[in-house]
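Subject: A structure for you to look at

Hi there,

Here is the structure I promised to send you. Have a look around it, and then read on for what I found.

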Amino acid sequence: MRLFLVRHGQTQSNVDHLLDTAVPGADLSPLGREQAGALVGALGERGIGAVTASTLVRTQQTAAPLAAHLGLDVAVADGLREIEAGDLEMRGDEESVRRYLEVVAAWLHGDLTVAEPGAEDGHAFFARYDAAVADALAAARAAGVDTLALVSHGAAIRTWSGVRARNLTAAFVIATGLENTGVVELQGGPGEGWTCVRWTGAVLGPEQAEVAGAGPAAEPAPVEPGPVF
Ligand SMILES: O=C(O)[C@H](O)COP(=O)(O)O
């Protein structure tokens, strides 16, 4: 099976560097809509037979042009939503962002017990994300589909693939951001394990990505860069 984990396009919360993780969340900005449209060129001919988005509107808006191009409906899975910020929701100060990224880093290093006040811990996050992936794979298999796009969020994609892909390390994920409409491409399956075959930046040019502003959940943490997978 092949999984394209796609981060949504830009929102105003990304530009303002806010921890915007709750449902329904912000709409795509004009640039975010452009980025969503550009996914048709990037992924439209890659054999995708199913598209699933999270319950946040920005992922569904991002998925819409690609799904329309492929003649598919966008399925929605709550498990694909962003890692919860809890009491830090909609904050953008340095201390809040650092605390959010510290929790994610702890999970990447195997300590799933830590959580922000008012937010899920790592056990809860992996349980819901694993279940969403498993459900999407089961539906795809039943339909004879072996290539799926899951449109999700910066911290969620980086953290889940960092732990579930055997060739990604915690150091790589902590040091590597995922721009709006960046794609992490995985091959394999839950039984045999996942391998990351590609980790891209924005599908638009670097200047536009710079304008986009990745937002705190998608940015590298301020630590020494680790080995690339
Ligand atoms: O940090 C962010 O950018 C938001 O809080 C959540 O991440 P997302 O933009 O990938 O949903």
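This is a predicted model: local features need pLDDT of at least 70, side-chain atom pairs count only at pLDDT 80 or more; totals for chains, interfaces and linings use all residues.

Residues are numbered from 1 along each chain as its sequence is written.

Back to Leu-5, which sits in strand β1. Helices (H or I, at least four residues) and strands (E, at least two) are DSSP runs, numbered from the N terminus. Leaving out residues up to four places away in sequence, Leu-5 touches Leu-150, Ser-152, Ile-157, Ser-161, Val-183, Val-184 and Leu-186; touching, or being in contact, means that two C-beta atoms, placed from the backbone, lie within 7 Å.

Now for the whole chain. The protein chain has eight helices and six strands, and 48% of its 229 residues are buried. Along the sequence, the pattern reads β-α-α-β-α-β-α-α-β-α-α-β-β-α. Among contacts with a separation of 6 or more, 73% are between residues 24 or more positions apart.

How are the strands arranged? Six of them form an open sheet in the order β3-β2-β4-β1-β5-β6, with mixed pairing; two strands pair if DSSP finds at least two bridges between them. At the edges are β3 (74-76) and β6 (193-199), each of which pairs on one side only. On average, neighbouring strands are turned by 25° against each other, direction ignored. Axes are lines fitted to C-alpha atoms, for helices over the stretch in contact, and angles run from 0 to 180 degrees between N-to-C directions.

Helix α5 (residues 122-142) lies across both strands, at about 160° to β2. Helix α6 also packs on the sheet, where α6 touches β1 (2-7), β4, β5 (183-189) and β6, and the direction of α6 makes about 150° with that of β1. Helix α6 (residues 154-164) is mostly covered, with ten of its eleven residues buried, including Ile-157, Trp-160 and Val-163.

Which residues touch the most other members of the largest nonpolar core? They are Leu-5, Val-51, Ala-149 and Leu-150, out of 57 residues in that core. Helix α4 (residues 94-108) supplies the largest share, seven residues. A nonpolar core is a set of buried Ala, Val, Leu, Ile, Met, Phe, Trp, Tyr and Cys residues joined through C-beta atoms within 7 Å. In soluble globular proteins, nonpolar side chains tend to be buried together.

Finally, look for Ala-26, in the loop between α1 (12-15) and α2 (30-43). Ala-26 counts as buried because it has 20 C-beta neighbours inside 10 Å. Its contacts beyond four places in sequence are Thr-11, Gln-12, Ser-13, Asp-20 and Arg-58. Ala-26 and Arg-58 are 32 residues apart along the chain, with 6.5 Å between their C-alpha atoms.

Happy exploring!

Terms used: A residue is buried if 20 or more other C-beta atoms lie within 10 Å of its own, exposed if 12 or fewer, and partly exposed in between; C-beta atoms are placed from the backbone.
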